[in-house]
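Here is a short briefing on one predicted model. Look over the sequence and fold first, then read on.

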Amino acid sequence: MKIVYKDTRTVAFKTIAVGDIFSSYNSLYMRTAEVQSTVTGNPYNAVNLENGFFHFFNDDYEVTPVEAQLVVS
C-alpha cells in the first residue's frame with residue numbers, strides 16, 4: 001500500500017468515513033462499521049493496519065486523515 005500524507009491536520013474521528021484511512025500516534029487505521037466483541041462485549045470501530053487488531057475511538061477523538069492507495073502489481 002502506498003501512503004500519501006497530504007497534510008497533518010487533525011479532525012474529529014466522527015468525520016472519518018467507513019473504509020477511510022487515518023493515523024493516530026504513528027499507527028495507521030481503517031475505520032470500520034461499529035462492531036461488538038462476542039467474547040468481551042467491547043465495541044470497536046477501527047482496525048490497525050499494521051497488526052490487524054481492532055480499536056475503539058470516541059467520536060470527538062482527534063485523528064489525522066491519510067489518503068491511501070492500494071497498488072496491485
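In the hairpin of β4 and β5, six residues sit between the strands, and Gly41 takes a positive phi near 80 degrees. The model is predicted: local features need pLDDT of at least 70, side-chain atom pairs count only at pLDDT 80 or more, and totals for chains, interfaces and linings use all residues. Residues are numbered from 1 along each chain as its sequence is written, and side-chain values use heavy atoms, with hydrogens and water left out.

**Overall fold**

- The chain has zero helices and seven strands. Helices (H or I, at least four residues) and strands (E, at least two) are DSSP runs, numbered from the N terminus.
- Along the sequence the pattern reads β-β-β-β-β-β-β.
- The radius of gyration is 13 Å, close to the 11 Å that the globule rule gives for 73 residues, so the chain is as compact as a globular protein of that length. This radius is taken over C-alpha atoms, and the rule is 2.2 Å times the number of residues to the power 0.38.
- The C-alpha atoms fill a box of roughly 35 × 30 × 20 Å along the principal axes.
- Of the contacts with a separation of 6 or more, 47% join residues 24 or more positions apart. Contact means heavy atoms within 4.5 Å.

**Surface and burial**

- Buried residues make up 29% of the 73 residues. Buried means under 20% relative accessible area, exposed over 50%, and partly exposed in between (1.4 Å probe, protein chains only).
- The chain exposes about 5,100 Å², and carbon and sulfur atoms supply 52% of that area. Accessible areas come from the Shrake-Rupley method with a 1.4 Å probe; for residues, only the protein chains shown count as cover.

**Strand pairing**

- β3 (residues 21-24) and β4 (residues 27-36) run antiparallel, joined by four bridges. Two strands pair if DSSP finds at least two bridges between them.
- Ser24 stands opposite Ser27 in β4.
- β4 and β5 also run antiparallel, with five bridges.
- Met30 has Val47 in β5 as its bridge partner.

**The β3-β4 turn**

- The hairpin of β3 and β4 has two residues between its strands.
- Tyr25 lies in this loop. Its phi is near 50 degrees, a positive value in a residue other than glycine.
- Asn26 is in the loop between β3 and β4 too. Its phi is positive, about 65 degrees, although Asn26 is not a glycine.
- Most residues other than glycine have a negative phi.
- Tyr25 counts as exposed at 74% relative accessibility. Asn26 is exposed as well, with a relative accessible area of 78%.
- Asn26 and Thr8 are 18 residues apart in sequence and 12 Å apart in space, C-alpha to C-alpha.

- Asn45 is found in β5 (residues 43-48). At 2% relative accessibility it counts as buried.
- The Asn45 side chain reaches the backbone oxygen of Phe57 at 2.8 Å.
- Leaving aside neighbours within four places in sequence, Asn45 contacts several residues, including Phe13, Met30, Thr32, His55 and Phe57.
- The largest nonpolar core has eight residues: Val11, Phe13, Ile16, Phe22, Tyr29, Ala46, Phe57 and Val63. Such a core is a set of buried Ala, Val, Leu, Ile, Met, Phe, Trp, Tyr and Cys residues joined through side-chain atoms within 4.5 Å.
- Val11 touches Ile16, Tyr61, Glu62, Val63 and Pro65, not counting residues up to four places away in sequence.

Methods. A polar contact is a pair of N or O atoms within 3.5 Å; within protein, one must be able to donate a hydrogen and the other to accept it, and residues adjacent in sequence count only if both atoms are side-chain atoms.
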